[in-house]
Amino acid sequence: IKDLAYNKRYVLFAIASFCTQGPMLANNTYFSVLYTGVGGTIAGVGIVLMIFCLSEAPFMKISARVGKERTIEKMFIGILILSTLRWYIYSLEPPVAVLIGTFFLHGISNGAFIAISMTYIARITKKSNRVTALSLYSALSLGLANMFCQYAGGAILDQYGPGGFYFLYALLNGMAIVLFVILASLRKHK
């Protein structure tokens, strides 16, 4: 663990993943609040979430292939720009048709981020630390980040409605973009 704590790229990636995957996972809970709040039905929530999940698979496959050839940090930045756009659109509480139309943003941001994260961790950590690095990454980005975004989302929902917590998610993704820009600059200086 000590080696990982001194690995700048790993630490920055873990923080960026916290800012990215917390909102991705919390969306699974809060999307239904937004969708029904703008006039959608409960049955519609299930159908739309199924479409969203199905849209991830093609982007997982494509990004895994592209990740071998491109600078991964730049891919993360592109993914997060689209993800931030998605959360910002959601913060405006748009009509149901617009929400449904964002399925491709969901597929790109969730599918691609998940797929290339594993590749990135393998590139920036030593082989002897890789299992620990993946475990810590999962605990932070899938566990702690999700808990934070779930709790913050509920608190913000009570005060500002669904648009409020999606605006927080856009801000978190914006912070992740900055961290990936820093990671890209560290790569150039290495």
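**View 1. Charges across the chain.** The protein chain carries 16 positive and 6 negative side chains, and the centres of these two sets sit 15 Å apart. Keep in mind that what you're looking at is a predicted model.

**View 2. The fold, helix by helix.** Count along the protein chain and you'll find 8 helices and 0 strands. Following the sequence, the pattern reads α-α-α-α-α-α-α-α. The radius of gyration of the protein chain comes to 17 Å, close to the 16 Å that the globule rule gives for 190 residues, so the chain is as compact as a globular protein of that length. Its C-alpha atoms fill a box of roughly 50 × 35 × 25 Å along the principal axes.

View 3. Of the 190 residues in the protein chain, 47% are buried.

**View 4. Zooming in on Ser55.** Ser55 belongs to helix 3, which covers residues 42-66. With a relative accessibility of 7%, Ser55 counts as buried, because the cut-off for buried is under 20%.

View 5. Setting aside neighbours within four places in sequence, Ser55 is in contact with Phe103, His106 and Gly107. Take a look at Gly107: its backbone nitrogen lies 3.3 Å from a polar atom of the Ser55 side chain.

Key: Residues numbered from 1 in each chain as written. Predicted model: local features only at pLDDT ≥ 70, side-chain atom pairs only at ≥ 80, totals over all residues. Heavy atoms only, no water. Helix = DSSP H or I, 4+ residues; strand = E, 2+ residues; numbered from the N terminus. Rg over C-alpha atoms; globule rule 2.2 N^0.38 Å. Buried < 20%, exposed > 50% of the residue type's maximum accessible area, 1.4 Å probe, protein only. Lys, Arg positive; Asp, Glu negative; His and termini not counted. Charge placed at Lys NZ, Arg CZ, Asp CG, Glu CD. Polar contact = N/O pair within 3.5 Å; in protein donor to acceptor, adjacent residues only side chain to side chain. Contact = heavy atoms within 4.5 Å.
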